[in-house]
Every structure is written in structure tokens, then in C-alpha cells.
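The following note sets out points for a colleague examining the model shown here. Please read the points alongside the sequence and the coordinates.

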Amino acid sequence: MKNRSTMSLLAAAVLATACATAPMTTPTLDQARADFVSANNNPQVSQYAPLEFKQASDALDQANAAAARRESLNDVDRLAYVAKQRIATAVEVARGKAAEADIANASRERDQVRLAARTAEADRARREAEAAQAQAAQAQAQAQAAQQQAAAAQQQNAALAQRAAVLEALLVEMQAVKTERGYVVTIGDVLFATNQATLTSSGMSTLRKLADVMAQNPNRTVLVEGFTDSTGSASYNQELSQRRAEAVASALGTMGVPRDRIAMRAYGQAFPVAPNDTAVNRQLNRRVEIVLSNENAQIPPRTAGR
Amino acid sequence: MDQEHAMSRLLTPLVAAAVLALAGCASPQKAPATADVAVSRNAVENAVSAGAAELAPAEITAARDKMVRANAALAAKDYKLARELAIQAQADAKLAQSKANSAKATAAADALDADLRVLREEVERANAPSATTTTPAGATQ
């Protein structure tokens, strides 16, 4: 059976050889040629496997030559097979070398990324350190400012306390009386020349103390109030109280107290501090009262009761 | 296969005749065939040590099969067949070896690429929070 079919095949081959002019081929040779075209178009192959591709090309040339010489199918197929395997080998070698090149590239890239990461980390650490330093400096500055503020407040408190002590001492010397309107210093009749509006030297010395107080306490004002006894006409008394109050106010002015801090009122015989029945009592009523305002305060007006 | 067997059976007497005819100069044919078989055996061994048994099993099996047949042909003093089979086995073995090598290199490259991607993501994550914390600080200055 087999022998006979082979014989007929052979016969057919012989006949075909006799009349066929078309180049002969085999499926393996066709495959090898197609693979060759594909490999030839693969840039990796020309870059990474030129030697292997040359060997594959030579093997294909041999197979093609065998086909052109119309050698046996078996021989052509055998040569084509070797060519096909060598083409595949060239492609695989190229793929492997390309992958190795990728590995080299990726390793380099990895080193760069690691370096960049370390640099970024160092930068970050530096920035954080700088921020911490700046924060510490700021905190220190704040602490210093607070300390200075506290010292200044302490100083101010000390100054205030000292001023209060000085004021206290002066007020005691002037025999000032604390009332709800402020401290009241009374310049009595004996500090004026009789029936005159001229101050005696001891009256001037009291006023000088008051001017000192005014200089040290710029937030206080004074109200100068003039009074008389009921002897004589009301208009004369009004005028006398006015003149005496003016004398005190202008004396304070010459001692350096700004006039806008000095107010003045004349009450005549109103608001006596004692009944006008004896000479001593009348002398008490002939007076000038100086009201020293409280710190930053207005002096309330005199009410009818006093 | 059957056809090949049939062919070889048919060809055998012819070959035998040729061999007989060339009996005088048969010994020079033996040497190159033996050399080719040895070279191919070497190629198969190289492919196996490159990992072809796992990475290119079809090719290495074909190469080994042809080696067995080449050795048989050598034993039968069919030097032409032995040479042809040895050459094919060598082509198979070289393909198996290059396939194994490229598979390993490709796997390594892929792993490295994956590593690189992970590393890049880590770096980006590490840099991201610092970027958001420095922005308000910069804005206040």
C-alpha cells in the first residue's frame, strides 16, 4: 500500500518536474520566508542580533537554493526547517538582549529615583529643621517681648506707686481732705492779706506744692472756688471771692500749670463752712478751696447741701 | 512521519548502494558526522543548563529527539542522516537556549520595571505630605 502510494507520488513528482516551471516550495519554506520578512522588519533584530540573523539568512539562502535546484522535498524541507529555527533564534537573541538593555536602563533609572528620593528627604529634613528653628526663634522673641512688657508694666507700676506715694505725702502736707469730688485743699483767710486778694508767702508755698502735684499728675485738673463770709454787701463779697480765686488760679498758672487744667468759680458768701456768728467762724468762711480731680475724672459740680 | 519512514525505506537501498559505491572513501564521511553530533550534544547541554527544560520545553524535546535519532544513525553508519539530524538538533537547541535566556531576561526586566514603579509611587507619596505642609507655611510668609 504505502510503497505503491509512494511510487505514484514519485511518478507525479517526476511528471511535475518535467513540465512545471513555477518555483517549487514547501509549507516549511513558506513559513521560513514569512518569518524572515518579519524578523527583517524587526529593528531589535538588526540592533541586537546581526550575527545570528546573518546565519539565519545564510540558512534560508541554502534552502532557497535547494528549492531552485528542485532538490527533493525532504531536503528542501530539512534546510527550510533549519532556517526557520535560526530565524527564530535570532529573534529570541534580540529579545533577550533588548531585555538586558532594559534591565541596565531600569537599574540606572532606579538609582536616579533613589538618589532623587534621598535628596528630597534631605531637603525636607532641612526645611523642617529651618521651620523648627524659625519657630523657636519666634517663640524666643515672643518670650523676650513678654518679658520686656512685664518689666515695663512693673516699672510703670513702680512709677505709679511712687507717684501715688509722693502725691499722698504732698496732700498730707497741704492738709488736703479727700471727698467724693476729689482732694480738697483749703487756702484759708490767713494766707491772704486782710481784705486783699494777695497771697502770703506761706499761701504761695502751699500753691507751689499743688503745682508740683499737678506737674506729676498730668491727668488731674483743678477747680478753684472762692468764698467769703456774710459781712458786707453780696456784690462786694462776690467780687472779693472772684478776685481771690483768680489770684490762686493765676499763681498756679505762673507756677507752670496750664490754664486749661485750671477751672475757677466764685461763690461769694454762699456755702459757708461755719455760721457767720463769731469772728473765728467768719474767718473760716473767708477761704479758697482747690478741688484736685481724681485721675482722668471730671470734678462734679457743687451741690446745694455743701 | 509515515511518509518519511516510507521514503527512508525506499531510499535506504539507494543510500546503501551509494555508500557501497563510496566505500573507499566512507571513512572521511564518518569524521564530520561524529563532530556534528558532538557539537549538537554540547548545544543541548548548554540549552538545558540555561533552563530550557522549563522555559522552552517543545524546542528542547525536539532537539533531544533528533539527538537520539542522530546517534542511532551514527550507530547504523548512516553518516549523512546523522549529520542532517545533528544540524537540526543544533538549530533546535540554540533556539531553546535563546528562548530560555530571553524569557529570563524579560522576566527580570519586568520585575525591575515593577520595582521601579513601586519606588516612584513611594517617592511621590513621601513627597506629597511635605508639599502640603510647606504650602501654608509659604503662604503665611
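**Notes on the predicted model**

1. In chain A, 73% of the contacts with a separation of 6 or more are between residues 24 or more positions apart; two residues are in contact if their C-beta atoms, placed from the backbone, lie within 7 Å. Of the 306 residues of chain A, 29% count as buried. A residue is buried if 20 or more other C-beta atoms lie within 10 Å of its own, exposed if 12 or fewer, and partly exposed in between, with C-beta atoms again placed from the backbone.

2. On provenance, this is a predicted model, in which local features need pLDDT of at least 70 and side-chain atom pairs count only at pLDDT 80 or more, while totals for chains, interfaces and linings use all residues. Residues are numbered from 1 along each chain as its sequence is written, and chains are lettered from A and ligands numbered from 1 in the order in which they are written.

3. Chain A contains 8 helices and 5 strands, in the order α-α-α-α-α-β-β-α-β-α-β-α-β from the N terminus. Helices (H or I, at least four residues) and strands (E, at least two) are DSSP runs, numbered from the N terminus.

4. The strands of chain A form an open sheet of 5 strands with mixed pairing, in the order β1-β2-β5-β3-β4; two strands pair if DSSP finds at least two bridges between them. At the edges are β1 (177–179) and β4 (262–266) of chain A, each pairing on one side only. From one strand to the next, the twist averages 25°.

5. Within chain A, strands β3 (residues 222–227) and β5 (residues 287–292) run antiparallel and are joined by 6 bridges. A:Gly226 has A:Val288 in β5(A) as its bridge partner.

6. Helix α7 (residues 234–254) of chain A lies across β2 (182–188), β3, β4 and β5 of chain A, and runs at about 165° to β4(A). Axes are lines fitted to C-alpha atoms, for helices over the stretch in contact, and angles run from 0 to 180 degrees between N-to-C directions.

7. A:Gln283 belongs to helix α8 (residues 279–285) of chain A. This residue, A:Gln283, counts as partly exposed because it has 14 C-beta neighbours inside 10 Å. The C-alpha atom of A:Gln283 is separated by 7.3 Å from that of A:Asp229, 54 residues apart along the chain.

8. Between the chains, 31 residues of chain A are in contact with 31 residues of chain B. On the side of chain A that touches chain B, α1 (2–19) and α5 (73–173) of chain A are the elements giving two or more residues, and α5(A) gives the most, with 29 residues.
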